[in-house]
Structures are given as structure tokens and as C-alpha cells.
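Colleague: Can you walk me through this model? I would like to start with the sheet and then move on to helices and charged pairs.

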Amino acid sequence: SAPTRDRLRIAIQKSGRLADPARSLLAACGLSWRQSRDKLFCFGESLPVDLLLVRDDDIPGLIADGVCDLGVVGLNELDEQAKARRQLGLADAYQPLRGLGFGQCRLMIAVPEEWDWQGPAQLAGRRIATSYPAILAAWLKDKGVDAQVVELSGSVEIAPKLGTADLICDLVSSGATLAANQLKPVETLLDSEAVLAGPAHALDDARAGLMAMLLRRLDGLSRVQD
Ligand code: PRP
Ligand code: ZN
Ligand code: MG
């Protein structure tokens with residue numbers, strides 16, 4: 001059973017593309033913290049809402065384990081870990097609560113520029129490097145394609161040049177990384193953006209009220225922005 005706490009704890013990326021926008025958005029909701037930016041834990045001053053600064057990949061697991069109540073994370077990471085849990089037969093542990101309107105990117109199949117792209121059937125028997133093996137496996141299954149998934153935790157885009165894979169499945173934002181590696185995007189598996197993620201099951205202590213208030217403030221902000 002989940003621990004009872006009276007302070008809400010939100011996990012955000014420590015550094016990277018989502019770090020500053022996540023912090024700014026929470027500040028715009030009226031939250032402020034006592035610690036400086038380089039600390040891993042920021043104690044909430046204006047409200048009992050604390051921040052934990054972590055690697056984005058760790059955020060879904062921190063919510064699943066009840067270490068954090070909420071997290072700002074890419075839908076790509078949340079969806080990957082949700083699919084991985086399902087493939088292991090584990091119950092759903094988190095869900096996206098709100099799209100946050102930043103960190104937009106796409107998870108895409110990208111092939112060497114010289115390929116004449118015909119469609120997913122062309123991937124049969126090929127090796128695909130990715131940091132998103134669960135999403136890729138589900139997509140390949142859906143397309144009825146039998147290909148080999150090569151899991152890499154980073155620098156996926158250089159795998160074709162190294163000869164460790166024939167093509168890749170990775171996030172594309174500006175497209176600069178693909179272009180620099182003579183790769184071209186051909187299929188979209190997921191449209192992603194930063195989301196506020198929460199537990200699959202509602203909280204039932206003081207944190208529930210804090211979470212509802214934070215969501216109301218977030219929704220108020222997005223109405224103003226529209
Ligand atoms: C992602 C992705 C690509 C890059 C694409 O990595 O893995 O490397 O962004 O962006 P672009 O289309 O604008 O070039 P990111 O730098 O976010 O983090 P990583 O360290 O997890 O690869
Ligand atoms: Zn990451
Ligand atoms: Mg990268």
C-alpha cells in the first residue's frame with residue numbers, strides 16, 4: 001500500500017530539454033522552492049509541493065514506486081515504460097494527466113538517405129537501433145513485420161554508420177540529428193510532448209487535494225494561453 005504523506009512530490013528532469021520549461025510552468029502555477037537550481041531536492045515554500053530533480057527516464061518508475069506523486073516527462077518515455085510493463089504482465093502504474101504544450105517531438109523510423117522507401121514491409125529481417133524497444137516491438141507487430149530490435153541507451157543515430165544496425169527508431173525534433181547522420185525519417189510511431197503524469201489510481205490523503213488544486217491552476221493557465 002502507498003505511503004501516506006501530506007506533501008506532494010513532483011519529479012522533473014534535472015537537465016535537458018524539459019528541465020527549464022517544466023520548472024517555469026510549475027512556478028507559473030504559484031509554486032516556489034527554497035533550494036537553488038543545482039540541488040536534487042527543492043523544498044516547496046508557497047505550498048507543500050516539493051520537487052525532485054532526476055533523469056527523465058527515471059520519472060515513470062518513481063511514480064510507479066510511489067516515491068513521487070507527479071512527474072513532468074515526455075509522453076514517449078511514459079508510453080515506452082507503460083508498454084514495457086504490459087509486456088511483462090505488470091499492472092498499469094501511471095497515466096498522462098495533461099499535455100503541457102512543450103517538448104514536442106516524434107518517435108520515427110529513419111533509414112539511410114539512399115534508401116528508396118516503399119513502406120514498413122521493407123524492414124523485414126533488418127536490424128533497428130532504438131531506445132524505445134517496447135513501442136517499436138508493438139508497432140512492428142501491428143505492421144506484421146519481423147525485424148530485429150537492437151536496444152541502445154543513447155547515440156542511436158550513429159548505429160547505421162557503425163554497422164551495428166541498418167536503420168534507427170528515435171525521437172525527431174528539428175531533424176538536425178538525422179540530417180547530420182545521413183538518415184531520413186519515413187514513418188511516425190508516436191507524436192509526443194511533455195505531459196504531467198500521475199499514478200494510475202487516485203491518491204486518498206492530503207495529496208489528493210493538492211493535486212486537484214495544481215491541475216485547476218494548470219488548466220487555468222492553458223485557458224489564458226489559448
Ligand atoms: C533526441 C534524439 C535525437 C535528438 C533529435 O535526443 O535522441 O538525438 O533529440 O533532435 P533533433 O531532431 O532536433 O536533432 P536528446 O538530445 O533529446 O536526448 P538524448 O541524450 O536522450 O539522446
Ligand atoms: Zn532520456
Ligand atoms: Mg539524442
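Modeller: What follows is a short talk through a predicted model.

Colleague: How many strands form the open sheet, and in what order?

Modeller: Six strands form it, in the order β2-β3-β1-β4-β11-β5, and the pairing is mixed.

Colleague: Which strands stand at the edges?

Modeller: β2 (41–42) and β5 (94–99) do. Each has a single partner strand, so one side of each is left without a neighbour in the sheet.

Colleague: How do β2 and β3 pair, parallel or antiparallel?

Modeller: β2 and β3 (residues 49–54) pair in the antiparallel sense, over two bridges. In that pairing, Phe41 stands opposite Leu52 of β3.

Colleague: What does α1 touch on the sheet?

Modeller: α1 packs on the sheet and touches β1 (8–13), β2, β3 and β4 (70–74). The direction of α1 makes about 150 degrees with that of β1.

Colleague: Which residues of α1 are buried?

Modeller: Helix α1 covers residues 19–28, and its buried residues are Ala19, Ala22, Arg23, Leu25 and Leu26. Seen down the axis of α1, these buried residues fall within an arc of 160 degrees, so they line one face of the helix.

Colleague: Why would residues three or four places apart point the same way?

Modeller: An α-helix has 3.6 residues a turn, so residues at that spacing point the same way.

Colleague: What comes just after α1?

Modeller: Gly30, which takes a positive phi of about 95 degrees. Just after α4 there is Gly144, with a positive phi of about 70 degrees.

Colleague: Let's stay with α4. Which of its residues are buried?

Modeller: In α4 (residues 133–143) they are Pro133, Ala134, Ile135, Leu136, Trp139 and Leu140.

Colleague: And what do the buried residues of α4 pack against?

Modeller: They pack against helix α3 (75–87) and the strands β6 (105–112), β7 (127–130), β8 (148–151), β9 (167–172) and β10.

Colleague: Ser192 is on my list. Where is Ser192 found?

Modeller: Ser192 is found in strand β10, which covers residues 183–192.

Colleague: Is Ser192 buried or exposed?

Modeller: Ser192 counts as buried, because its relative accessibility is 4% and the cut-off is under 20%.

Colleague: What does the side chain of Ser192 reach?

Modeller: It reaches the backbone nitrogen of Leu75, at 3.3 Å. Leaving out residues up to four places away in sequence, Ser192 touches Gly74, Leu75, Asn76, Gly103, Gln104 and Cys105.

Colleague: New topic. How many salt bridges does the count come to?

Modeller: The count comes to eleven. Side chains of opposite charge can pair when their charged atoms come close. One of these salt bridges joins Arg55 and Asp57, at 3.2 Å from N to O.

Colleague: Which residue forms a salt bridge with Arg86?

Modeller: Asp92 does, and the closest N and O atoms are 3.0 Å apart. Arg86 is exposed at 53% relative accessibility, while Asp92 is partly exposed at 40%.

Colleague: What about Arg207 and Asp205, buried or exposed?

Modeller: Both Arg207 and Asp205 are buried. Salt bridges that share partners join Arg5, Asp69, Asp205 and Arg207 into one network. Between Arg207 and Asp205, the closest N and O atoms of the salt bridge are 2.8 Å apart.

Methods:
Residues numbered from 1 in each chain as written. Chains lettered and ligands numbered in written order. Predicted model: local features only at pLDDT ≥ 70, side-chain atom pairs only at ≥ 80, totals over all residues. Heavy atoms only, no water. Helix = DSSP H or I, 4+ residues; strand = E, 2+ residues; numbered from the N terminus. Buried < 20%, exposed > 50% of the residue type's maximum accessible area, 1.4 Å probe, protein only. Polar contact = N/O pair within 3.5 Å; in protein donor to acceptor, adjacent residues only side chain to side chain. Contact = heavy atoms within 4.5 Å. Arc of directions from axis to C-beta. Salt bridge = Lys/Arg side-chain N within 4 Å of Asp/Glu carboxyl O. Pairing = 2+ DSSP bridges. Axes fitted to C-alpha atoms, helices over the stretch in contact; angles between N-to-C directions.
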